[in-house]
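Open the model in your viewer and keep the sequence panel beside it. The tour goes from one selection to the next.

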Amino acid sequence: MQVGVVFPQTSIGADPGGVRAFAEAAAGLGFRHLLAYDHVLGADVSSRREWPGPYTSEHQFHEILVLFGYLAAVAPELELVAGVLVLPQRQTALVAKQAAEVDILTGGRFRLGVGLGWNFVEFEALGEDFRNRGRRVEEQIEVLRRLWTEPAVTFEGRYHTIPAAGINPLPLQRPIPVWIGGSAQRAIRRAARIADGYFPQRPLDGDWARTMEQFRAWAEEAGRDPATIGVEWRIDISAGPPDAWSREAEEWRALGATHISVVARDGVVGPDAHIDYLARAAEALL
């Protein structure tokens, strides 16, 4: 089971030296990959009393595909993972181009995790339709895979038209692995049916064992071998002692996880504090 780290988007700060130090520490301690969350815009909630999500305009987010271009140079040992990019709020061909570039810069060590997103303000500001994002995302994944594997693509779909055009250069991985994150039943079924990997978010009916059993059943129903689909869980290393982290990792190994990543959440601020937690996690898990 491969062990990586979560990039602490909201609490690392904007100093590029701190960003570099965190990535170099992760690689130096022996972690295999770095996963980053995605948000483009945060909503000002001063006039939104019933804001539904965990992030606002006061939460910092580095733009992950630009960030990955930087990290590919400063920590080339790490696989970089979008976990997850809010795909339906972005232009598909542009994502294909950016992802191909990250794949080249990392020497083929890139996974593109995608999700539907929940922040309707981002969709509106980026000029995309929040209401049909679930219907669009499957066509987006189809278009991405074609653009990554064919020098020129002609495509006429419900949401995309490509008139004999392609990206150049193509990525090293053809196609780049596409993972899906989600908690709704429809999202989990989609991951089982078409994704290269799955990021579990919340279990169905509060039961992870049943959720993972159902996930495997849906994969088999789609004619796929569940063992070929990756699964990555995240362990909060700011909660509980190191032996609890090890137990959680083993529980997820038993559930079928192929990857885990560690993240220090509550009250951990700044690169130095996060690096201290990484060192403790490395001792417990690597």
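Which residues in H5 meet Arg190, Arg193 and Ile194 in H6? Select Gly134, Val137, Glu138, Ile141 and Arg145 in H5 to see them. Contact here means heavy atoms within 4.5 Å. This is a predicted model, in which local features need pLDDT of at least 70 and side-chain atom pairs count only at pLDDT 80 or more, while totals for chains, interfaces and linings use all residues. Residues are numbered from 1 along each chain as its sequence is written, and side-chain values use heavy atoms, with hydrogens and water left out.

**Stop 1: H5 and H6**

Show helix H6 (residues 185-194) as a cartoon together with H5; the axes are 12 Å apart and the packing angle is about 20°. Helices (H or I, at least four residues) and strands (E, at least two) are DSSP runs, numbered from the N terminus. Axes are lines fitted to C-alpha atoms, for helices over the stretch in contact, and angles run from 0 to 180 degrees between N-to-C directions. H5 and H6 are therefore roughly parallel to each other (angles under 35 degrees count as roughly parallel, over 145 as roughly antiparallel, 65 to 115 as roughly perpendicular and the rest as oblique).

**Stop 2: H3 and H5**

Now select helix H3 (residues 92-105) and helix H5 (residues 133-149), whose axes come within 9 Å and cross at roughly 45°. That makes H3 and H5 oblique to each other. On the H3 side the contact is made by Thr92, Ala93, Val95, Ala96, Ala99 and Ala100, and on the H5 side by Gln140, Val143, Leu144, Leu147 and Trp148.

**Stop 3: Thr149**

Stay in helix H5 and pick Thr149. At 34% relative accessibility, Thr149 counts as partly exposed (buried means under 20% relative accessible area, exposed over 50%, partly exposed in between, with a 1.4 Å probe and protein chains only). A polar atom of the Thr149 side chain lies 2.8 Å from the backbone oxygen of Arg145. Beyond its neighbours within four places in sequence, Thr149 is in contact with Leu170, Arg174 and Pro175.

**Stop 4: Asp236**

Finally, go to strand E9 (residues 230-236) and select Asp236. Is Asp236 buried or exposed? Its relative accessibility is 16%, so Asp236 counts as buried. Leaving out residues up to four places away in sequence, Asp236 touches Trp245, Val263, Ala264 and Arg265.

Methods:
Polar contact = N/O pair within 3.5 Å; in protein donor to acceptor, adjacent residues only side chain to side chain.
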